[in-house]
Amino acid sequence: MMREFHVPPDSAAERIDRWLVDVTGESRATIQKYCRAGQVTVNDVPVKANYRPVRGDIVRLPEPAVRETVLRAEAIPLEIVYEDEDMLVINKPRGMVVHPAAGHDDGTLVHALLAHTGGCLADAGDPLRPGIVHRLDRDTSGLLAAAKSERGYESLSAQVRAHSMERIYFALVHGEPEADRGTIRLPLGRDPRNRLRRAVVSQGGRDAVTHFTVAERLGKFALVRCRLETGRTHQIRVHMAAIGHPVVQDPLYGRRKDAFPLAGQALHAARLTLRRPADGSEIICEAPLPADFLQCLAAICKENSHVEK
């Protein structure tokens with residue numbers, strides 16, 4: 001079986017091994033191994049790792065090898081923001097994968113949670129995702145809730161379904177939105193040209209709603225506060241790109257020309273409001289912008305000060 005990807009019009013000219021790392025999530029070493037074996041083709045012609053794909057290229061490579069993953073606790077440091085007998089809230093660092101997936105058999109948040117809780121995570125129906133009720137992308141930092149007990153899982157899952165779990169994000173985006181606030185209502189589905197991407201679709205998509213407020217105008221950029229009404233995969237990233245303000249440093253939906261000190265998109269889950277499973281009391285958790293995000297803001301402010309002079 002082969003995977004197929006179409007090179008989008010706005011893709012910057014870079015080596016195909018680096019481009020495939022972004023779109024597949026696999027390691028560069030694995031992609032280069034495929035190239036050496038002649039298993040990466042562009043328009044049905046095998047290419048080397050240094051080939052630079054261009055608009056319209058059709059790239060194919062093998063499906064990742066299926067390996068049985070056995071979950072083991074790993075003593076990975078975690079920043080626990082809140083914890084009780086039923087649940088906990090973690091401030092996830094950028095770069096950490098939430099649960100095992102292709103190319104990520106260890107070092108995930110689930111592995112760390114197993115160690116922290118002594119294996120006490122709720123059965124979420126998927127043996128590789130115990131306790132997980134919602135997710136953050138690997139390179140999105142911030143707050144995420146997980147369930148330790150069955151009561152915790154049922155309560156948190158119900159809050160997610162009812163959209164009563166309030167999730168607030170900060171995104172650094174290209175350009176300044178004309179309005180100070182707005183609501184984006186655009187249905188999302190899988191991108192037919194790239195299965196790892198989501199896209200605004202006219203048919204077969206799921207309703208997706210993002211409310212945004214401009215927190216700070218920064219000339220060529222803006223700091224935007226986003227509140228999710230729904231929680232679709234890549235929702236903020238796709239929605240902001242759809243209105244012409246892609247998230248800075250976003251490898252899938254951004255302009256791919258940024259040079260900020262940030263490994264991944266400038267998106268942070270800053271506030272999480274939910275109900276305690278045991279008694280329904282409200283819990284409000286907050287996580288400040290991480291250092292690398294603040295460095296981006298500082299770099300923009302410094303550049304703006306030079307321009308003003």
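Buried means under 20% relative accessible area, exposed means over 50%, and partly exposed lies in between, with a 1.4 Å probe and protein chains only. Helices (H or I, at least four residues) and strands (E, at least two) are DSSP runs, numbered from the N terminus. This is a predicted model, in which local features need pLDDT of at least 70 and side-chain atom pairs count only at pLDDT 80 or more, while totals for chains, interfaces and linings use all residues. Residues are numbered from 1 along each chain as its sequence is written, and side-chain values use heavy atoms, with hydrogens and water left out.

**Stop 1: helix α2**

Select residues 28-36, which form helix α2. Its buried residues are Ile-31, Tyr-34 and Cys-35. They sit on the same side of α2 because they cover an arc of only 100° around the axis; the arc is that of the directions from the helix axis to the C-beta atoms. An α-helix has 3.6 residues a turn, so residues three or four places apart point the same way. Now colour Ala-29, Lys-33 and Arg-36: these are exposed, on the other side of α2.

What do the buried residues of α2 pack against? Show β1 (2-6), α1 (16-24) and β4 (58-62), which are their packing partners. Then step past the helix to Gly-38, which follows α2 and has a positive phi, near 70°.

**Stop 2: strand β4 and its partners**

Strands count as paired if DSSP finds at least two bridges between them. β1 and β4 run antiparallel and are joined by 5 bridges. Select Glu-4 to find Arg-60 of β4 opposite. Strand β2 (residues 41-42) is also antiparallel to β4, with 2 bridges; Val-42 has Val-59 in β4 as its bridge partner.

**Stop 3: Leu-156**

Go to helix α4 (residues 150-161) and select Leu-156. Leu-156 counts as buried because its relative accessibility is 0%. Contact means heavy atoms within 4.5 Å. Leaving aside residues up to four places away in sequence, Leu-156 touches Met-87, Val-133, Ala-145, Ala-146, Ala-147, Met-165 and Leu-274.

**Stop 4: Thr-210**

Finish in strand β12 (residues 209-218) at Thr-210. Thr-210 counts as buried, because its relative accessibility is 0%. Beyond four places in sequence, Thr-210 touches residues including Gly-182, Cys-226 and His-239.
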